[in-house]
Amino acid sequence: MIKDIITKSIEEVKQIQASTAEDIEKIRIRYLGKKGLMNDLFAQFKEVPNEHRKEIGILLNELKGTIQSKLEELKDKTTAVSDNNKPQEDLTKPANLLSLGSIHPLTAVRKEIIDIFSRLGFTVEEGPEIEDDWHVFSALNFPQEHPARDMQDTFFIETNKENNVLLRTHTSSVQVRTMEKQKPPIRMIAPGRVFRNEAISARAHCMFHQVEGLYIDKNISFADLKQTLLYFVKEMFGSDTQIRLRPSYFPFTEPSAEMDISCTICKGTGCNICKGTGWLEILGCGMVDPNVLEASGIDSNVYSGFAFGMGIERIAMLKYDVKDLRQYFENDIRFLNQFSSAL
Ligand code: DAH
């Protein structure tokens with residue numbers, strides 16, 4: 001009797017079909033639940049006479065195994081089906097692009113300055129950041145006791161009587177290096193890092209960037225200087241920008257001037273940025289002092305030239321309204337991200 005039930009049940013279980021998790025659970029309860037068939041059969045098994053016990057025991061185990069593997073099989077099928085029901089990936093969707101970071105505002109401005117002067121035929125020159133006294137001071141007509149040579153202003157690496165080794169305080173040193181190795185006509189700009197012994201604040205830093213410019217040829221006049229800088233400013237800040245030159249002093253130029261541009265914010269009417277004056281100072285310039293030409297082996301009776309120097313941070317501050325110099329070097333991506341389309 002019990003043997004018939006078991007063999008019939010084995011056949012029955014093999015035929016079972018179910019596709020939902022709920023149905024599978026019902027089947028499990030029917031066969032393996034507390035009041036299910038298996039428990040019922042185990043109860044009946046106690047009554048089985050000894051001589052049949054072995055045979056019935058084997059059959060019971062076979063039934064249990066069949067039920068368990070059937071349940072596994074049904075479960076596997078339903079998860080496979082539900083995977084198939086998941087929305088398919090849209091293979092025509094555009095890929096997620098890698099985010100590539102952004103161009104640093106100083107890099108963008110540096111490139112723009114180079115582009116503008118390249119259009120006027122200026123080449124790009126480089127010089128070392130670790131310099132000697134000659135290229136930073138002496139060849140540029142700085143007298144021996146000039147305050148710029150002071151420890152308070154300059155980072156000295158090595159001091160000796162002949163030729164101190166120091167971090168360049170301006171890119172004007174590249175003027176000297178270029179004149180030493182090239183014959184006029186010379187038309188070059190030199191972008192680069194410079195270092196000064198300054199306390200770091202919103203308006204000053206011990207490391208910043210400059211672009212030096214130099215034009216040496218026969219018959220170069222102050223008018224050439226003025227026209228070149230006017231062209232630069234109109235390209236950089238817009239064609240309605242104006243310039244004014246104020247007399248100044250640098251050891252390496254004579255005459256020397258500082259150049260202002262009409263305020264980029266208020267266009268010259270007076271605002272906070274230009275402190276009500278309508279003008280913003282952007283660079284120093286002048287006619288190269290004959291002593292400087294001679295120190296680098298250029299005949300000052302034949303050649304003349306102009307030079308200028310500007311701070312890249314300052315130009316970028318005016319262009320992008322950056323209020324604190326320190327932001328350029330903190331690498332805060334909230335700041336840097338704003339310039340992603342700068343080039
Ligand atoms: N070297 C000057 C500085 O660091 C900037 C400068 C002024 C450069 C006048 C020049 C120039 O070539 O003619 O402040």
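In which loop is Thr-241 found? Thr-241 sits in the loop between α8 (222-237) and β7 (243-250). Helices (H or I, at least four residues) and strands (E, at least two) are DSSP runs, numbered from the N terminus. The model is predicted: local features need pLDDT of at least 70, side-chain atom pairs count only at pLDDT 80 or more, and totals for chains, interfaces and linings use all residues. Residues are numbered from 1 along each chain as its sequence is written, and side-chain values use heavy atoms, with hydrogens and water left out.

The protein chain is considered next as a whole. Its secondary structure comes to 12 helices and 10 strands. The radius of gyration of the protein chain is 42 Å, well over the 20 Å that the globule rule gives for 343 residues, so the chain is more spread out than a compact globule. This radius is taken over C-alpha atoms, and the globule rule is 2.2 Å times the number of residues to the power 0.38. Along the principal axes, the C-alpha atoms fill a box of roughly 130 × 50 × 35 Å. Ala-21 and Arg-246 are 225 residues apart in sequence and 87 Å apart in space, C-alpha to C-alpha. Ala-21 lies in helix α2 (residues 21-32). Its relative accessibility is 58%, so Ala-21 counts as exposed.

Of the 343 residues of the protein chain, 41% count as buried. The accessible surface of the chain comes to about 19,700 Å². Carbon and sulfur atoms hold 51% of that surface. Accessible areas come from the Shrake-Rupley method with a 1.4 Å probe; for residues, only the protein chains shown count as cover.

Contact means heavy atoms within 4.5 Å. Among contacts in the protein chain with a separation of 6 or more, 67% are between residues 24 or more positions apart. Charges were also placed. The mean positions of the 42 positive and 49 negative charges are 8 Å apart. Lys and Arg count as positive and Asp and Glu as negative, while His and the chain ends are not counted. The place of a charge is NZ of Lys, CZ of Arg, CG of Asp or CD of Glu.

Thr-241 has a relative accessibility of 4%, so this residue counts as buried. Its side chain reaches the backbone oxygen of Gly-238 at 2.6 Å. The backbone oxygen of Phe-237 is reached at 3.4 Å. Such a polar contact is a pair of N or O atoms within 3.5 Å; within protein, one must be able to donate a hydrogen and the other to accept it, and residues adjacent in sequence count only if both atoms are side-chain atoms. Not counting residues up to four places away in sequence, Thr-241 touches Leu-230, Val-233, Lys-234, Ile-261 and Ser-262.

Arg-149 is placed in the loop between α6 (133-136) and β3 (156-158). At 10% relative accessibility, Arg-149 counts as buried. Its side chain makes a polar contact of 2.8 Å with the side chain of Asp-133. A polar contact of 3.5 Å joins the side chains of Arg-149 and Gln-144. Neighbours within four places in sequence aside, the contacts of Arg-149 include Phe-137, Phe-142, Pro-143 and Phe-156.

The peptide bond from Pro-184 to Pro-185 is cis, with omega near 5 degrees. Pro-185 belongs to the loop between α7 (172-181) and β5 (186-195). The peptide bond from Glu-254 to Pro-255 is cis, with omega near -5 degrees. Pro-255 lies in strand β8 (residues 253-262).

Asn-219 is not a glycine, yet has a positive phi of about 60 degrees. Asn-219 occupies the loop between β6 (207-217) and α8. With a relative accessible area of 70%, Asn-219 is exposed.

Helix α10 (residues 312-320) has as its buried residues Ile-312, Glu-313, Ile-315, Ala-316, Met-317 and Leu-318. Asp-321 follows α10 and has a positive phi near 60 degrees. This residue is not a glycine. Asp-321 is in the loop between α10 and α11 (327-330). At 39% relative accessibility, Asp-321 counts as partly exposed.

Notes:
Buried < 20%, exposed > 50% of the residue type's maximum accessible area, 1.4 Å probe, protein only.
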